[in-house]
Amino acid sequence: MNDVVIQKTSAFFQEKFGSTPEKVVLSPGRINIIGEHIDYNDGYVLPAAIDKIICFAFAKNNSNESKIIALDLNEELVVDLSADVSYSKIEWTNYLLGVIKQLQDNGFNFEGFNCVFSSNIPVGSGLSSSAALECGFLYGINSLFDLQIKPIDMALMGQKAEHWVGINCGIMDQFSSVMGLENKVIKIDCKTLEYEYHTADFNDYALILFDSNVKHSLMTSAYNQRREQCEEGLSLLKNKFPEINSFRDCRLKHVHELKDVMSADVFKRCSFVVKEIERVTLACTALDNGAIETLGQLMFETHEGLSQEYEVSCNELDFLVDFVKNEKAVVGSRLMGGGFGGCTINLIKKGEEDAIKTKLVEGYKATFGIDLKIYDVKIGNGTSLYEPLKH
């Protein structure tokens, strides 16, 4: 699958610029096993890079200008590197302009280059194609001009590039895109950026994403509103309990003690966050012990919390989770990502996947009149240089 996109990108680069690329970079999307809406609440998350990528081909062009081609969109961006970066009306270009701005703001010197990129990460499905775009682009420039930026700094610069675009994301997406390892999930402490790898051996279960194929427009406004509600709740908790610095110091009893002081919405958001932080720790223990059924149960609990307490689900996502809950072959399912559309992530017993897929596709179409998309995913490596000899 990835070989096709690598071949296509490299061939187009050769055709367009008349030379082979000097660097080919593979930058993956990510899944998050558990720990949703926790990265901006100083909690822990449990993401992993996946085997779906954006492929970039780069070469220096000995000028002050960079020409970047989005192969899948048949669009190109030309950047004058001697000028200050400013916003563009074309959305995808701003993620790359944001990266160039980060490099300029941090005093890195580099010259013009040509770049072509193409992807097999489904856009808008919650697999963080934007983080893969920022991190892969930055990784390529870093490698091409030997800027010696450390991987964690690349993740942080990618995050800042996304903030510049106007999306106030946490660090999880960029971190997992850069730092992913095959067959490992990363437990990231979103407060300190300390991290540890846990082996992701799902034993007899496959990881499958069901893409609802809907994207409700509430996403950005609701995301920012949830952040504000959490900040309001945390501020009340800190005032009442001096020992609390962040949600991770907080227990459910603290939240319940302030139930009468908080608005109903703020109470629900805080309850979810405190429980979800605890679920990440329990999920790591389950993985270490090979207790995949326990992990699956935690995923179901997370979905219920996202739907009822954090209120970022929608009818389509609730349907997908409720449908598989009654299937013995499915041990866990939840919405993944910001919510209001996108994918559910599911653990399904190997050998039973096709039967579940068929049932769900029919049920979903009959209920909503929408075609379900399905992605089988494996946990892969983070952003890296493609070395043809190794493949």
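**Strands, a buried arginine and salt bridges**

Nine of the eleven residues of strand E9 are buried, so E9 is largely enclosed by the rest of the structure. Buried means under 20% relative accessible area, exposed over 50%, and partly exposed in between (1.4 Å probe, protein chains only). Helices (H or I, at least four residues) and strands (E, at least two) are DSSP runs, numbered from the N terminus. This is a predicted model: local features need pLDDT of at least 70, side-chain atom pairs count only at pLDDT 80 or more, and totals for chains, interfaces and linings use all residues. Residues are numbered from 1 along each chain as its sequence is written, and side-chain values use heavy atoms, with hydrogens and water left out.

Start with the neighbours of E9. Two strands pair if DSSP finds at least two bridges between them. E9 spans residues 205-215 and runs antiparallel to E11, with eight bridges joining them. Tyr-205 has Lys-349 as its bridge partner in E11. Ile-208 is partnered by Asn-346 in E11. E9 also pairs with strand E12 (residues 373-377), again in the antiparallel sense, over five bridges. There, Leu-209 stands opposite Tyr-375.

Now move to E11, residues 341-349. Eight of its nine residues are buried, so this strand is mostly covered. Six bridges join E11 to strand E10 (residues 330-336), and the two run antiparallel. Arg-334 has Ile-345 as its bridge partner in E11. E10 and E11 form a hairpin with four residues between them. Gly-337, in the turn, has a positive phi of about 100°.

A salt bridge is a side-chain nitrogen of Lys or Arg within 4 Å of a carboxyl oxygen of Asp or Glu. Arg-334 forms one with Glu-36, the closest N and O atoms being 2.8 Å apart. The pair links distant parts of the chain, 298 residues apart: Arg-334 sits in strand E10, and Glu-36 in the loop between strand E1 (23-32) and strand E2 (44-45). Glu-36, at 3% relative accessibility, also counts as buried.

His-303 lies in helix H9 (residues 292-308). At a relative accessible area of 4%, His-303 is buried.

Glu-76 lies in strand E5 (residues 75-80) and Lys-16 in helix H1 (residues 2-17), so the pair ties together parts that are 60 residues apart in sequence. Glu-76 is partly exposed, at 38% relative accessible area. Lys-16 is partly exposed too, at 40%.

Arg-279 and Glu-276 meet in a salt bridge of 2.7 Å, N to O. They are three residues apart in H8 (residues 264-288), so about one helical turn separates them. Arg-279 and Glu-276 are both buried. Elsewhere, salt bridges that share partners join Asp-265, Lys-268, Arg-269 and Glu-311 into one network.
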